[in-house]
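Subject: Structure for your review

Dear colleague,

Please find the structure below, together with its sequence. I would be grateful if you could read the notes that come after it.

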Amino acid sequence: MAIISCPECGKQISDRAVACPDCGCPISAAPAVVPQTDVSKEVEKLIVLARRAREASDSKNAKKYYDQILDKDPGNWEAIFFSVYFEASECKIRDIGSAANSVANSVYSSFAAIADLENEDEKDAALDTVTTSAIAISIMFVNGAVSHYNQFSTTNNAFGECSNRVVSAGNIYGEIEASLKKVFPNKKERIANHQKI
């Protein structure tokens, strides 16, 4: 027998009670408390599935698995970044600006979660993954915007739309640098290398 808190009134009761003796809340209806080790194992399994989908360029399933990871572990750096990344990677040309802004906004949160990792090698590998992927999607956005412009350059405002999309994609680079400086100010070499890019 274990002592649990009633989900309704908070009183300490037996986990075998049918209902709370104080407020009458049915205990069988109370949400089950999942041990942390079970959540960790579930997250590990989802990470394997998410990475497989990522390696297969299966955006839909990668996004689905990363979203599930976020539900169970909101501080997971990989899910924070790739949930946004895979949604953005499926955007239409007209949505490049907002998709690029979403990716840029996810960089700081991802870096902050990476900072919580204990192992320095693990931190560096995670930073490499986020930075490389963010740069890759930025390049994809620029190429998509320019290709679209080349096809429709004679239409009204085509140049302005292309420029706005390219600038939004370029903001990802700026956010990587700003986030590195805020979260990892001691990683001077990494910051300098990114500035060269």
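This is a predicted model: local features need pLDDT of at least 70, side-chain atom pairs count only at pLDDT 80 or more; totals for chains, interfaces and linings use all residues.

Residues are numbered from 1 along each chain as its sequence is written, and side-chain values use heavy atoms, with hydrogens and water left out.

Helix packing

Helices are DSSP runs (H or I, at least four residues), numbered from the N terminus. Helix 4 (residues 96-115) packs with helix 6 (residues 158-183) at an angle of about 10°, and their axes are 8 Å apart. Helix 4 is therefore roughly parallel to helix 6 (angles under 35 degrees count as roughly parallel, over 145 as roughly antiparallel). Axes are lines fitted to C-alpha atoms over the stretch in contact, and angles run from 0 to 180 degrees between N-to-C directions. The residues of this contact divide into 14 nonpolar, five polar and three charged. Ala, Val, Leu, Ile, Met, Phe, Trp, Tyr, Cys and Pro count as nonpolar, Asp, Glu, Lys and Arg as charged, and the others, Gly among them, as polar.

The axes of helix 5 and helix 6 come within 8 Å and cross at roughly 170°, so these two helices are roughly antiparallel to each other. Their contact has 20 nonpolar, four polar and one charged residues.

The largest pocket

A pocket is an open set of points on a 1 Å grid over the protein atoms alone, where a 1.4 Å probe fits, with protein on both sides within 12 Å along at least five of seven lines; lining residues have an atom within 4 Å of a point. Helix 1 gives the most to the lining, with three residues. By class, the lining has four nonpolar, three polar and five charged residues, including Arg-51, Trp-77 and Glu-122.

Beyond four places in sequence, Lys-63 touches Ser-83, Phe-86 and Glu-87 (contact means heavy atoms within 4.5 Å).

Yours sincerely

Definitions and conventions: Angles under 35 degrees count as roughly parallel, over 145 as roughly antiparallel, 65 to 115 as roughly perpendicular and the rest as oblique.
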